[in-house]
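This report is meant for a reader meeting the structure for the first time. Please look over the sequence and the model before reading on.

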Amino acid sequence: MKIRPILAILYLLAVGIGIPCAQAAAEPSITVEADKSAGTVSPLLYGLMTEEINHSYDGGLYAELVRNRAFLDDASAPAHWSVVTADGASATIELDRNEPVNAALPVSLRLGAASASDASPAGIANEGYWGIPAFSKTRYNASFYAKAAPGFSGKIVVSIQSEDGKTIYAKSEVKGVGQTWTQYHVSLKTGKLAAPVKARYVLAVDRPGTVWFSLVSLFPPTWKDRPNGLRKDLMQMLVDMKPRFLRFPGGNYMEGDTIETRFDWRKTIGPVSERAGKMGPWKYRSSDGMGLMEFLLWCEDMGTEPVLGLYAGYSLKEPAVKLGAELAPFVQEALDEIEYVSGPVTTQWGAQRAKDGHPKPFKLRYVEIGNEDFFDRSGSYDGRFAQFYDAIKTKHPELQCISSIGVSDHPVKGLLSSRTPDLMDIHFYRSTDEFLKKITEFDTRFDRKGPKVMIGEWAAHEDGRIKPWSKEALGQPPTPSMKAAIGDAACMAAMERNSDIIAMHCYAPLFANVNPGAWQWRPNLIGYDALRAYGSPSYYAFVMFSGNLGDQILPLTKTDFPVQVSATRDNPTGEIFLKLVNPQAGEQPVKIELRGLASVAPEATAITLAANPEDTNSVEEPTKVVPKRSLVSGIKPEFSYLIPANAIVVLKLKAR
Ligand code: AHR
């Protein structure tokens, strides 16, 4: 009893004169066991996830510039098209169901020109996806189906012109349009432009008459010059992310709202004139210009491999298909899809792939059965998974089957017990604060004796009260700020630390067309409009992590302070990557010990992404928050380092 006041006085004295005492916090330190291993870094750890959301393909990666090219977006009007008439010309346009090109193109656009001439043409104009981009000195490939009513002997003038029609940036023409549907191809070349500009695309006649149009298409140069190809600036950004896999085609987009509108891969292959498209679950139509072959070529052109999502009998707004005979055709559809992707040309679907231009089978090692099947409240996934798994493993024992729900410890009910998947796909959409609070969960949660984990969708958002899918989210910018990037980096550090069990991960969604009304979800990694593209701070965090990965997880310990850490080593080069994530408003001094190293190069490279939490990038300010490289000297096996405030740092250290 008597001793207490004495202890209190001693404590106050100790604090007052600065003597370290038991209650004082330990000096922040990180100890890396640089000569030990906590496991192998999964070589597939960093990948991409993609689906048709936020105009990711139509109006995004898919380089087609004409919106509603097949006139199917709106049954009542030619949406995104208008009639254009020069002074003295007059014309009308109308959807016409009596003049189809084929079953996939059942509607055409009829242009009726009452008066038109060379000097005063009349035509149809497309506004593109929030503008047609006119780039300087650029060649465009245009094509369209057309036919004329008897008596029309004029030409069709094709042009890219300013939105007011006063400036023509590029022009070409087609003569001799006959009375049967014919596809015409023309090339258009722009002159020198001071800067890219939003334009419109016009097809006009030079004399009175009636002309029908269908599948009106315009492509700028594409990545690797592929016909029906992909936007170059976005592809470059993806290649810079060094993705090891591409998870496609969704997401909700793979499932569709209904069975009818699922990603039915068979309807997405072959000539685009045979692809009718469909309504997607994100409230707009998909042209299906991005079909299965385009996804596979996308993988090939990025030097990455597919993680193929298979439709598994569950669509978002319909009861799941019943097990057994009713599900069997969908299992067959999946087996056929696998054959199309990877079967030899001697098989039915391998031969079809060859006919579609790619005789060589694509590499395929991973398939995912369904997507987020915990939403199927009937609980049928266990049985559906088993039916798919058995059929796939029988025919393709080489394939790894991923389940779309967890087998144990999953937050959502509906655990899988019928079969043990090779991997399980678990999704994490969390606020930065939630990620930081629960981050140790990644270190403890997954059973290392169980299946490996794919975190097939994840992203940090800034405000925990505003969920990515909520209406409120639409009032925020489409891409995340530095605050979210901090949460993302903490998540990636945790996934790296545990990449012996977390084999793959991919941020979602990847893309957003940032025009008002174009996107349905936030945050998204990459934003763009018709002319420009930019990476969010989270994009740069991803590039920093993915580009500096290594192959061995190094064990580490740290004192209790808020910085998140991952340490890996790249054995071929001897480089050690130390990732540091400081979520605090102040700088953080830290003592770093690299144990077990004979010596370390005295200079290291630091790649630093640091900004105010609310700072972000946008089409107007694409590089406000970007990583900076610097040299750090004085590196020893034990050294001090000052981590900047609100920062993500990759320290590249060289063991000697
Ligand atoms: O990434 C957006 C959506 O989130 C995906 O389509 C779905 O799988 C998830 O719910």
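## Aromatic rings

Ring pairs join Tyr57, Phe248, Tyr253, Phe263, Phe295 and Trp298 into a cluster, where rings of Phe, Tyr and Trp (its six-membered ring) pair if their centres lie within 6.5 Å, and planes under 30 degrees apart count as stacked, over 60 as edge-to-face and the rest as tilted. The model is a predicted one, in which local features need pLDDT of at least 70 and side-chain atom pairs count only at pLDDT 80 or more, while totals for chains, interfaces and linings use all residues. Residues are numbered from 1 along each chain as its sequence is written, and side-chain values use heavy atoms, with hydrogens and water left out.

By the ring rule, the count of aromatic pairs comes to 27. Phenylalanine 295 and tryptophan 298 have ring centres 6.1 Å apart and planes at 25 degrees, so this pair is stacked. The two residues are three apart in helix H4 (residues 292-302), which separates them by about one helical turn; helices (H or I, at least four residues) and strands (E, at least two) are DSSP runs, numbered from the N terminus. Both phenylalanine 295 and tryptophan 298 are buried, that is, under 20% relative accessible area, with exposed meaning over 50% and partly exposed in between (1.4 Å probe, protein chains only).

Tryptophan 458 and tyrosine 507 form an edge-to-face pair, with 5.2 Å from centre to centre and 75 degrees between the planes. This pair links distant parts of the chain, since tryptophan 458 is in strand E21 (residues 452-461) and tyrosine 507 in strand E22 (residues 502-507), 49 residues apart. Tryptophan 458 and tyrosine 507 are both buried.

Leaving aside neighbours within four places in sequence, the contacts of isoleucine 455 include Phe428, Phe442, Met504 and His505, contact meaning heavy atoms within 4.5 Å.

## A buried charge

Glutamate 575 lies in strand E29 (residues 575-582). Although buried, glutamate 575 has no salt bridge, and the nearest side chain of opposite charge, lysine 652, is 4.0 Å away; a salt bridge is a side-chain nitrogen of Lys or Arg within 4 Å of a carboxyl oxygen of Asp or Glu, and Lys and Arg count as positive, Asp and Glu as negative, with His and the chain ends not counted.
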